[in-house]
Amino acid sequence: MTRPQDLAGWRDLAEQLKTELECRAFINDEFVDAESGETFETINPATGEVLARVASCDAADADKAVAHAREAFRGGEWSRMAPGKRKQVMLRLADLMEQHRDELALLDTLDMGKPIMSSLGDMAGAIGTIRYQAECIDKMYGEVAPTGEDALAMVLREPLGVVASIVPWNFPLMMTAWKIGPALAAGNSVILKPSEKSPLSALRLAQLALEAGLPKGVFQVLPGFGHTVGKALALSMDVNCLAFTGSTGVGKMLMQYAGQSNLKRVYLECGGKSPNLVFADCRDLDRVARHAAEAIFHNQGEVCIAGSRLLVENSVREAFVDKVLKAAESMQPGDPLDPQSFMGAIVDQTQYERILDFIRQGVEEGARLRTGGEALEGPGLFIRPTVFDGVTDQMTIGREEIFGPVLSVFGFDSEDEAVAMANDSDYGLAAGLWSQDIDRIMRVTRRLESGQVFVNNWAGGDQTVPFGGVKQSGNGRDKSHHSLEEYSELKSVWMALG
Ligand code: NAD
């Protein structure tokens, strides 16, 4: 199938796709209704259209899936399969995702409103993760410990068991791949709980996993709400690990659920309020301003590592902010199916109202609204790129994760002040810094309390580097071989000799 080239082409493909949606849960290799028979609506936020009614799983479905996952794990068809063979199955899955890349991208765009070009970029990331993790598994070695001659001691890496992956809606399939890639590669049985706001691509992925030949019960998908099926998985006595991406508030609850149940491992990738530091000595202010605008307006600002706090050295601040405003003007939201759109729709009514509420608070608390600050006429949930200048860290918009297209600009006079402002946050997911002075770059990089630092770029990275945060942004690491290690347990074997 050739890729649509324009809005009309994507609309045609969307109409065709809507007639073929799989909306049931995927349990033990079968698509089934929720035990309760309940369903929920998934809505296209760009049009308000109900796309489908999807199975609404709850504790009964979670129990069933966990039992099948455990049975599959103990059976060993996947967990004890030679790594080289597991690799082949996962590479087949990646190939199938590649073949169905347009369709998977379209499902995410229809479900949560992101521009189609952005969804296609996510697919490249998702497929790349499955391939990278597949390629890692037959290259990981255990250890032989340095003992005396009377013993042989080995440190073996083994899968954890049953992993529940609970993911958000902002990069539905890419976040899914970041979780299930290493968890499956390590030999675990995985139960995926997609967000109730974007369940469709996960269910399509289940069809592809079946076709790729993942054994029964090794990969299952339970659509439904967090407080029902998500909570049941988190409280299960037979889930060994929760791999979560989502808000800090829910992340805290998951740690409590783990404590109330079986002390399962909890890996958290949570929220952020990431600072982007622009020093007066940086090269090409026009280019930096464009990157600073993209850092917040990409994906309508619904990005965990959005560069939502722009810290600019006061000597260039006025001129720099003017350039950011110009860049923002060129990033107005449009139909997500239009390949020309840079920004799409906000995921749902609740998030839309939340963002507009933050904008109102920004004005009330005295920040200077320089552009945007309003929604587009409906239908659809679209908010203009919004820039506030003169923000302080006492203001709500300066501290809270808005998760929308709202940029807060702060000024600073010295490097120490910039670092102190950057670190004055509960979060520590990402930080950017723009400068030509290598000494300053290294000094500031080391002092930033952040899981990742982008120097003279924003959001750079590939499969080879881990992704995750510090402080209340979480404790896990996605991507790279470090994530594969998280999904395995060390077993020490001491053999007495002679
Ligand atoms: P959310 O926390 O509301 O939901 C995330 C997932 O958790 C969903 O699947 C939801 O159904 C589930 N959930 C909700 N309550 C639950 C409960 N009580 N028990 C079990 N599961 C529950 O987050 P969201 O609105 O979907 O996503 C936005 C958030 O995700 C933002 O804070 C963003 O920063 C964060 N995020 C972080 C990263 C990262 O890598 N650090 C990446 C993307 C998004």
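The points below cover the ligand site and then the backbone.

This is a predicted model, in which local features need pLDDT of at least 70, side-chain atom pairs count only at pLDDT 80 or more, and totals for chains, interfaces and linings use all residues. Residues are numbered from 1 along each chain as its sequence is written, and side-chain values use heavy atoms, with hydrogens and water left out.

**Ligand shell**
- The ligand is surrounded by 29 residues, counted when a heavy atom lies within 4 Å of it.
- The closest of these are V167, K193, E196, S247 and E401.
- By class, 16 shell residues are nonpolar, eight are polar and five are charged; Asp, Glu, Lys and Arg count as charged, Ala, Val, Leu, Ile, Met, Phe, Trp, Tyr, Cys and Pro as nonpolar, and the others, Gly among them, as polar.
- Helix 8 (226-235), strand 10 (241-245) and helix 9 (248-260) each supply at least two shell residues, and helix 9 gives the most, with four.
- Helices (H or I, at least four residues) and strands (E, at least two) are DSSP runs numbered from the N terminus.
- The ligand lies between domain 1 (7-270 + 474-493) and domain 2 (275-462), because both give residues to its shell; the bounds come from an automatic or database domain assignment.

**Polar contacts and burial**
- A polar contact is a pair of N or O atoms within 3.5 Å.
- A polar side-chain atom of K193 is 2.6 Å from a ligand oxygen atom.
- For V167, a backbone N or O atom lies 2.8 Å from an oxygen atom of the ligand.
- The protein buries 91% of the 850 Å² that the ligand exposes when taken alone (Shrake-Rupley method, 1.4 Å probe).

**Backbone**
- G378 and P379 are joined by a cis peptide bond, with omega about 0 degrees.
- P379 is in the loop between strand 14 (368-371) and strand 15 (386-389).
- F403 is not a glycine, yet has a positive phi of about 60 degrees.
- The loop between helix 13 (396-399) and strand 16 (406-412) holds F403.

How values were computed. Polar contact = N/O pair within 3.5 Å; in protein donor to acceptor, adjacent residues only side chain to side chain.
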